[in-house]
Amino acid sequence: MKNEEWRDVVGYEGLYQVSDQGCVKSLERTFIDKSGRKRTVKERILKPAFDGWGYLIVTLCAGGKRKNLMVHRLVCEAFNDNRDEKPEANHINEIKTDNSA
C-alpha cells in the first residue's frame, strides 16, 4: 500500500487534515479552554460515523462551533480541482464508504 498523502481540510487549515485514502485527522494544538486553562490536544485519526444515507461523516470543530461534514466531500475538496464549480462529489465506483481520492 502506498503512503498516504495528507492535505489541510478546506476551511480548517492547521486544525484538521484529510488523506487521499479517506482518513481525517485532528492535528496537535494548544489552546485556552473556557475555564482559562491551557489545554493540548494530541494528533489523532478521527473515527467517522454514518449519516442517515450511508455516507461517512466526521465532526469538526473550529472557533467553538461543531459541524458534521461528509468525508468524501472533504477528500474531493482537498484533492480535486473544481474549476467548473460543480455542486456534488460523486463516488465513481458507487461505494458510499469508499472515500479515496
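Is Cys76 buried, exposed or partly exposed? Cys76 has a relative accessible area of 25% and is therefore partly exposed, where buried means under 20% relative accessible area, exposed over 50%, and partly exposed in between, with a 1.4 Å probe and protein chains only.

## The model and its chain

This is a predicted model, in which local features need pLDDT of at least 70 and side-chain atom pairs count only at pLDDT 80 or more, while totals for chains, interfaces and linings use all residues. Residues are numbered from 1 along each chain as its sequence is written, and side-chain values use heavy atoms, with hydrogens and water left out.

The chain contains one helix and nine strands, and along the sequence these elements follow the pattern β-β-β-β-β-β-β-β-β-α. Helices (H or I, at least four residues) and strands (E, at least two) are DSSP runs, numbered from the N terminus. Of the 101 residues in the chain, 31% are buried. The accessible surface of the chain comes to about 7,600 Å², of which 47% belongs to carbon and sulfur atoms, and such areas come from the Shrake-Rupley method with a 1.4 Å probe, with only the protein chains shown counting as cover for residues.

## The open sheet and the helix

Four strands form an open sheet in the order E1-E2-E3-E6, with antiparallel pairing; two strands pair if DSSP finds at least two bridges between them. Strand E1 (6-8) and strand E6 (44-45) are the edge strands, since each of them pairs on one side only. E1 and E2 run antiparallel and are joined by three bridges, and Trp6 has Ser19 in E2 as its bridge partner.

Helix H1 lies across E1, E2 and strand E3 (24-26), and runs at about 85° to E2. For this angle, axes are lines fitted to C-alpha atoms, for helices over the stretch in contact, and angles run from 0 to 180 degrees between N-to-C directions.

## The largest nonpolar core

A nonpolar core is a set of buried Ala, Val, Leu, Ile, Met, Phe, Trp, Tyr and Cys residues joined through side-chain atoms within 4.5 Å. The largest one has 15 residues, of which Val9, Val18, Val24, Val58, Leu60 and Leu74 touch the most other members. Strand E2 (16-19), strand E8 (56-62) and helix H1 (71-79) each supply at least two residues of this core, and H1 gives the most, with five residues.

If its neighbours within four places in sequence are left aside, Val9 is in contact (heavy atoms within 4.5 Å) with Tyr16, Gln17, Val18, Leu60 and Leu74.

The structure holds zero disulfides, a disulfide being counted as a pair of cysteine sulfur atoms within 2.5 Å. In general, a disulfide is a covalent bond between the sulfur atoms of two cysteines. Cys61 counts as partly exposed because its relative accessibility is 25%.

Glu77 has its place in helix H1 and counts as partly exposed because its relative accessibility is 41%. Glu77 and Arg7 are 70 residues apart in sequence, and their C-alpha atoms are 10.0 Å apart in space.

Phe50 lies in strand E7 (residues 49-50) and is exposed because its relative accessible area is 56%. Apart from its neighbours within four places in sequence, Phe50 is in contact with Tyr55, Leu56, Ile57 and Thr97; Thr97 is 47 residues away along the chain, with a separation of 9.1 Å between the two C-alpha atoms.
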